[in-house]
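Please look through the sequence and the 3D view below before reading on.

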Amino acid sequence: MNFPIEIKINIDGNIDAALSALDRTQGDQAQKRLIWFAENRQGIADGRLLLDSGVIVRFRSGDTPDELTVKLRPCTTEQLSGRFSAPFDKESFEYKIEEDWSGMRRALSASATRTHPQGALLHAVAPGADAAAPLDTLQLRFLQECAHAVRITGLDALGPIASTKLNNVPLDDLEVDFERWTVLDLDFLELSIRVKPKRGEESHEFEERAERKQKKLESAVQDRGVVISENPENKTRRVLTALARNHP
């Protein structure tokens with residue numbers, strides 16, 4: 001089975017100058033949200049993150065309905081058993097599987113997202129609250145079946161990260177999503193596009209098409225004088241590492 005591919009580019013440095021060069025004014029209206037990542041209290045104290053086991057627990061709240069996402073990245077198709085071997089969605093819930101590409105790095109990811117009314121999750125990210133409490137039955141089942149060695153208890157929310165997202169910004173013949181994260185002394189800009197498989201497309205044909213899209217995105221950015229980050233760590237790890245280090 002071919003899964004959709006999300007192709008990402010990260011930009012460090014002078015983000016305001018990069019945004020100006022990329023002319024982000026042509027996209028959809030900006031969405032402003034706050035993001036938290038939940039980590040095990042004892043793990044933080046011991047210098048271990050859920051992220052080290054490939055588990056991400058993420059809260060979003062702001063201009064759009066609140067979201068609580070549990071993600072496995074990287075994962076394997078062998079991990080994704082039973083109901084979780086293929087994407088599905090139901091009311092207020094989406095389970096998706098996709099590949100994440102960033103430069104030469106490629107990883108399979110699977111995520112279970114439950115949406116909530118705006119502001120409904122803010123109590124779970126408050127100091128002293130157990131951020132594991134709002135996880136629903138399907139999300140817990142996903143973790144139990146696909147990451148059964150990881151314990152999701154006693155979680156603290158780390159953040160918030162200020163996020164500004166703009167969708168469908170035209171760059172050459174691509175429509176690109178922009179997301180800026182700001183927290184502590186960190187400031188990142190991520191550009192992303194999604195490539196979906198076509199009916200009847202062979203795996204190698206789909207991969208070659210995605211590679212062409214990736215090159216187009218990289219060229220569109222570089223042609224505007226914007227430098228692509230070569231940092232080997234993705235923005236989630238860089239942010240989580242800094243937040244855990246500053247967690248009381």
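## Basis of the model

This is a predicted model, in which local features need pLDDT of at least 70 and side-chain atom pairs count only at pLDDT 80 or more, while totals for chains, interfaces and linings use all residues. Residues are numbered from 1 along each chain as its sequence is written, and side-chain values use heavy atoms, with hydrogens and water left out.

## The chain as a whole

The chain has 5 helices and 10 strands, where helices (H or I, at least four residues) and strands (E, at least two) are DSSP runs numbered from the N terminus. Its radius of gyration, taken over C-alpha atoms, is 18 Å, which agrees with the value near 18 Å that a compact globule of 248 residues would have; the globule rule is 2.2 Å times the number of residues to the power 0.38. Along the principal axes, the C-alpha atoms fill a box of roughly 45 × 45 × 35 Å.

Of the 248 residues, 49% count as buried, a word that here means under 20% relative accessible area, with exposed meaning over 50% and partly exposed lying in between (1.4 Å probe, protein chains only). Among the contacts (heavy atoms within 4.5 Å) with a separation of 6 or more, 70% come from residues 24 or more positions apart.

## Helix H5

Helix H5, which spans residues 235–245, is mostly covered, since 8 of its 11 residues are buried; among them are Arg 238, Val 239, Leu 240 and Leu 243.

Not counting residues up to four places away in sequence, Lys 235 touches Asn 10, Trp 181, Phe 188 and Glu 190.

## Ser 92 in its loop

Ser 92 is found in the loop between strand E5 (88–90) and strand E6 (93–102). With a relative accessible area of 36%, Ser 92 is classed as partly exposed.

Leaving aside its neighbours within four places in sequence, Ser 92 is in contact with Thr 113, Arg 114 and Thr 115. Ser 92 and His 116 are 24 residues apart along the chain, and their C-alpha atoms are separated by 7.5 Å.
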